[in-house]
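Thanks for coming, everyone. Please have a look at the fold on the screen before I start.

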Amino acid sequence: MHPRDQTIFALSSGRAPSAIAVVRVSGPQAGLALTTLAGKLPAPRQASRRLLRDGAGQPIDDAVVLWFPGPASATGEDVAEFHVHGGRAVLSVLFATISLIPNTRAAEPGEFTRRAFENGKLDLTEAEGLDDLIHADTDRQRRQALRQLQGLLGDRARDWRERIIEASALIEAGIDFSDEGDVPAELRAPAVKAIKALHDEITKVLAAQGHSERLREGLVVAIAGEPNVGKSTLMNQLARREVAIVSPHAGTTRDVIEVQLDLDGYPVTVIDTAGIRETDDPVEQEGVRRARARAEDADLVLWLVEGEQDVDPSAMRSSWTSGEGGRSGGPAWIVRNKIDLSEGVVPRSEFGISASRGDGVPELVDALVKFASEFFGTTEGALVTRARQRDLLVRTSESLRRSLDLVEHGEELAAEELRAAAYALGRLLGRVDVEDVLGAIFQKFCIGK
């Protein structure tokens with residue numbers, strides 16, 4: 001029997017022990033599982049209290065059960081749910097009893113959602129939105145994921161694809177009636193108008209997205225500088241807890257330390273790196289190498305210096321930027337530490353702080369929030385949440401542009417470009433040739449979802 005024809009089950013709530021645990025069963029044998037354990041099927045979509053019994057008739061638990069006959073269910077198949085007390089012993093007996101039912105097995109990660117996708121209950125963008133919602137750490141991530149789950153991009157993509165197919169039909173009709181004199185020209189004009197409108201619309205959408213797809217991973221900010229200038233102290237101030245060892249001895253930080261922050265809903269990963277200097281210590285050398293690599297890849301570098309220390313911006317950047325592979329690193333801010341011990345005036349283009357006392361840190365955080373807002377762009381209403389989605393929309397836009405360039409000189413080539421555009425949107429929705437990405441997406445889901 002094909003795995004997709006088997007009935008699957010899994011714990012769909014938090015791990016035991018817990019007050020209540022939800023066990024979900026989906027597939028042809030879901031009804032049998034329910035009758036085996038609860039005696040008879042309850043009314044569809046109505047919670048019913050039942051005493052569950054194992055295969056030998058021994059009681060398992062006093063539970064609430066629900067019955068969702070397909071296709072009106074989350075997966076499009078018959079689905080049963082058992083809401084039991086979340087003890088490990090209860091779940092162990094429940095799983096053992098369900099597993100005895102023929103052609104029934106434990107679900108793989110993301111298998112419930114994948115079946116919902118394969119049964120047309122949601123498209124691939126909505127499935128990605130569900131995954132993002134499960135893993136959202138900040139409120140902005142949550143809101144973006146929920147909009148995707150509700151079909152923000154999927155609905156637009158379906159509309160675009162239908163309009164492309166309509167324009168393609170006009171172009172191909174013109175090819176079929178090429179011997180009818182002015183008929184091709186009459187069909188071509190509305191097609192060109194529709195294609196141009198689509199191209200402009202998708203191009204504007206892409207231009208307005210900023211780095212919205214990066215909201216899932218977050219902004220990366222590296223704290224860098226020479227040894228013993230207060231990088232770890234600043235890290236602790238930003239994290240509001242002791243995450244890095246603070247010592248007066250240079251070279252204390254040997255590895256990269258990361259902490260996840262929520263700055264006004266923006267996910268920010270702050271990295272504390274080893275002091276960048278020349279050293280003969282092989283362990284510290286590796287720490288410096290890693291510090292340079294992370295600073296070069298960061299979206300923003302906070303270059304920490306002491307008080308009135310002179311800073312050469314070009315020399316500062318060259319201390320961590322190799323320029324290899326076209327990488328030049330993100331922007332860098334000069335942050336002057338220990339201003340409480342200095343009488344100098346901090347230039348307006350720089351930041352002055354006392355990492356030990358916290359002076360100036362709130363202003364630095366406000367600046368980070370503003371930078372994140374400008375970096376991510378408008379996240380409210382953003383359509384693109386993944387690099388895969390952006391890439392396919394770019395391909396769609398490019399195919400539409402090429403079709404406009406070709407329509408006056410070769411309608412057959414223009415029609416082929418329109419087919420390519422429709423195909424790219426089909427891949428975006430997960431309706432054509434996406435087997436190579438399905439596994440990568442659904443295996444990241446938790447078991448039971």
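I'll go through a sheet, the cores, a hairpin and one annotated site.

First, the ground rules. This is a predicted model, where local features need pLDDT of at least 70 and side-chain atom pairs count only at pLDDT 80 or more, while totals for chains, interfaces and linings use all residues. Residues are numbered from 1 along each chain as its sequence is written, and side-chain values use heavy atoms, with hydrogens and water left out.

Start with the sheet. Six strands make an open, mixed sheet, in the order β8-β9-β7-β10-β11-β12. Strands here are DSSP E runs of at least two residues, helices are H or I runs of at least four, and both are numbered from the N terminus. Two strands pair if DSSP finds at least two bridges between them. At the edges sit β8 (257-263) and β12 (351-352), each pairing on one side only. β8 runs antiparallel to β9 (residues 266-272), with seven bridges joining them. One of the partners: Glu258 bridges to Ile271 in β9.

Also in β9 is Thr269. Is Thr269 buried or exposed? Its relative accessibility is 7%, so Thr269 counts as buried. Buried means under 20% relative accessible area, exposed over 50%, partly exposed in between, with a 1.4 Å probe and protein chains only. Beyond its neighbours within four places in sequence, Thr269 contacts residues including Glu217, Leu219 and Val259. Contact means heavy atoms within 4.5 Å.

Now the cores. A nonpolar core is a set of buried Ala, Val, Leu, Ile, Met, Phe, Trp, Tyr and Cys residues joined through side-chain atoms within 4.5 Å. The largest has 32 residues, and among those touching the most other members are Leu219, Leu234 and Trp333. Helix α11 gives the most to this core: nine residues. Apart from it lies another core of 27 residues, including Ile195 and Leu429.

Next, the hairpin. Strands β3 (residues 48-53) and β4 (residues 59-68) run antiparallel, joined by six bridges. Arg49 stands opposite Val64 in β4. Five residues lie between the strands, and Gly57 takes a positive phi near 85 degrees.

Last, the site. The unreviewed UniProt entry lists Ser232 and Thr253 under "binding site". UniProt positions use the numbering here, feature names are shortened, and annotations may be inferred rather than shown by experiment. Ser232 lies in helix α8 (residues 231-239). Ser232 counts as buried because its relative accessibility is 8%.
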